[in-house]
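Dear colleague,

Here is the structure we spoke about. My notes on it follow below.

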Amino acid sequence: MTLTGLVVAVLSPYLGALADQGGLRRRFLMISTGICVTSIAVMFFPGEGQVVFARTVFTLSSIAFELGQLFYNAYLPDLAPPSAIGRVSGFGWGAEHIGGLLCLVMALFGFVQANAPLFGFSTEACEHVRATNLLVAIWVGLFALPLFLWTG
């Protein structure tokens, strides 16, 4: 997490300025979201003893997520009048966290504690637990689509 914070702190001012001045905000958001979703899905694959691989992929997903927040938050002034920015931001924050809790409940009861995990994932080698990464990747990708479809 320290590495994520340092990378984001160094890159954010440059990427934010480049996105704003170059009209690349949407493209950068799509790229960071794509990297985040892909790296979350890849976290299904590390097995026992593959700590460096798992940490690397986790760090990549964290960096992509945090940089994505930079571009995502930059849309707020375009989506809400100044008098409603706080309300719209709060609603978005709340919806994000409610969605995360719903995904957590689905993961818990559909994969982790299920007698027969969804989609036939095996309990051997903790495949059913690792499959929660696939659920999260699909969840994030699915709920990112409206932003990409309805904004410019």
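**Cysteines, helices and overall build**

C103 is buried, with a relative accessible area of 5%; buried means under 20%, exposed over 50% and partly exposed in between, with a 1.4 Å probe and protein chains only. C36 is buried too, at 6%. The structure holds zero disulfides, a disulfide being a pair of cysteine sulfur atoms within 2.5 Å. For C36, the nearest cysteine sulfur is that of C103, 12 Å away.

This is a predicted model, in which local features need pLDDT of at least 70, side-chain atom pairs count only at pLDDT 80 or more, and totals for chains, interfaces and linings use all residues. Residues are numbered from 1 along each chain as its sequence is written, and side-chain values use heavy atoms, without hydrogens and water.

The chain has six helices and zero strands (DSSP runs numbered from the N terminus: H or I of at least four residues for helices, E of at least two for strands). The axes of α5 (residues 85-112) and α6 (residues 127-150) come within 10 Å and cross at roughly 145°; axes are lines fitted to C-alpha atoms, for helices over the stretch in contact, and angles run from 0 to 180 degrees between N-to-C directions. C103 is among the α5 residues that make this contact, and W139 is among those of α6 (contact: heavy atoms within 4.5 Å).

Of the 152 residues in the chain, 34% are buried. The C-alpha atoms fill a box of roughly 50 × 30 × 25 Å along the principal axes.

Regards
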